Amino acid sequence: MRVLLTLLASLLPLMAQAPLAQRIMHTDPASYRSFKSVHGGPGQLDYMTLLDGQALDANLIFLHRGVIQPKSGIGHHFHHECEEMFIIFDGEAEFTVDGRTSRLKAPAGAPSRMGHSHAIYNPTDRPIEWMNINVGLVRGKYDVFDLNDGRVGAPLDVIPVFMTMRLDRALLRPVQGLTGGKGTAQHRRAFQPEVFSTAWAYVDHVVLPPGASIGRHLHKGVSEFYYVMAGGGTAEVAPAGSTGGYETAPISKGDAIPVRAGEAHAFANTGGEPLEFMVVGIAREKGKIDTVEIH
């Protein structure tokens with residue numbers, strides 16, 4: 001009986017897992033909710049939760065996707081047990097970290113480590129496509145301390161004095177057969193694990209030309225999500241511990257595909273335009289990253 005109970009316990013995560021097509025979350029402006037005075041910031045943000053803390057078996061707190069309305073932003077604030085990164089996909093925004101502000105052109109982002117203050121402001125007359133990623137020191141534990149400073153009219157440094165990320169295709173480098181896939185991918189690790197204080201492991205930028213793919217592989221100690229920045233194709237995911245049982249689902253711009261540790265996965269560009277991803281990895285143990293190719 002004890003053996004049977006142990007077996008059932010090991011199978012419960014697989015039994016409870018929804019089909020892949022249902023786990024993939026789609027950016028949908030019709031589902032955005034409007035928020036004012038976010039952390040004491042000016043104006044209005046409209047956004048939705050693409051992935052919550054249950055989407056991965058890791059310390060992801062949330063993945064938010066939406067727009068920062070003109071003359072609007074997120075006020076200056078701290079997190080002491082989680083770290084955050086704001087990303088913009090178009091336009092320009094003023095990013096603040098530790099009270100120093102610089103204007104960044106999209107597509108770009110700036111991480112804020114635990115215990116460092118941060119904010120973002122859209123000084124333009126157009127909405128900005130925006131994303132917020134939050135990873136905790138402890139799974140499910142979120143904290144915030146607001147400074148009630150909207151950073152409107154803050155003095156600007158021409159050169160940022162904080163870490164930034166450019167999701168610029170010109171910075172990518174060719175990789176033949178990425179994890180055993182087809183064709184030549186373009187890849188760059190935008191942030192290494194040393195950038196982060198939590199077990200946030202990396203941020204990658206990947207572009208697959210038509211017909212190319214990321215081959216089947218898994219990470220025993222890292223959960224990931226793939227966010228589709230452009231193009232379309234297919235995602236393929238198998239349950240952790242499974243030697244088969246791959247599910248396939250279509251993916252397109254604005255989709256977030258969660259992949260738990262141990263789940264074999266692959267991606268293919270089945271369309272006529274480049275398929276572009278931002279990939280975020282979160283390790284079970286800080287600094288321990290692994291990749292196992294499946295042939």
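Phe225 stands opposite Val280 in strand S23, strands being DSSP runs of E of at least two residues, numbered from the N terminus. These positions belong to a predicted model, in which local features need pLDDT of at least 70 and side-chain atom pairs count only at pLDDT 80 or more, while totals for chains, interfaces and linings use all residues. Residues are numbered from 1 along each chain as its sequence is written, and side-chain values use heavy atoms, with hydrogens and water left out.

Strands S18 and S23 run antiparallel and are joined by 8 bridges; two strands are taken to pair if DSSP finds at least two bridges between them. Strand S18 also pairs with strand S21 (residues 255–259), again in the antiparallel sense, over 4 bridges. Within this second pairing, Tyr227 has Ala256 of S21 as its bridge partner. Because 9 of the 9 residues of S18 are buried, this strand is largely enclosed by the rest of the structure. Buried denotes under 20% relative accessible area, exposed over 50%, and partly exposed the range in between, with a 1.4 Å probe and protein chains only.

In one, 7 strands follow the order S2-S3-S4-S11-S6-S9-S13 with antiparallel pairing. Its edge strands are S2 (33–36) and S13 (165–166), each of which pairs on one side only. Within this sheet, S6 and S11 run antiparallel and are joined by 7 bridges, and Cys82 stands opposite Gly136 in S11.

In the other, 5 strands follow the order S8-S7-S10-S5-S12, and the pairing is antiparallel. Strands S8 (100–105) and S12 (145–146) stand at the edges with a single partner strand each, so one side of each is left without a neighbour in the sheet. Strand S5 (residues 72–78) pairs with strand S10 (residues 118–122) in the antiparallel sense over 4 bridges, with Ser72 opposite Asn122 in S10.

A search of the whole structure finds 1 cavity of 30 Å³ or more. On a 1 Å grid over the protein atoms alone, a cavity is a set of points where a 1.4 Å probe fits but cannot get out, and lining residues have an atom within 4 Å of a point. The largest cavity has a volume of about 30 Å³, a volume being the space filled by probe spheres set on the points, which are joined across faces, edges and corners. Its lining consists of Phe86, Phe95, Thr96, Val97, Ala110, His118 and Ala119. The largest share of the lining, 3 residues, comes from S7. The lining residues divide into 5 nonpolar, 2 polar and no charged; Ala, Val, Leu, Ile, Met, Phe, Trp, Tyr, Cys and Pro count as nonpolar, Asp, Glu, Lys and Arg as charged, and the others, Gly among them, as polar.

Several loop residues were also characterised. The peptide bond from Ala106 to Pro107 is cis, with omega near -5°, and Pro107 lies in the loop between S8 and strand S9 (108–112). His39, although not a glycine, has a positive phi of about 50°; this residue is placed in the loop between S2 and S3 and counts as buried at 17% relative accessibility. Asp98, likewise not a glycine, has a positive phi of about 55°. Asp98 is found in the loop between S7 and S8 and, at 40% relative accessibility, counts as partly exposed.

Definitions and conventions. 1 Å grid on protein atoms, 1.4 Å probe; cavity = no way out; pocket = protein on both sides within 12 Å on 5 of 7 lines; lining within 4 Å.
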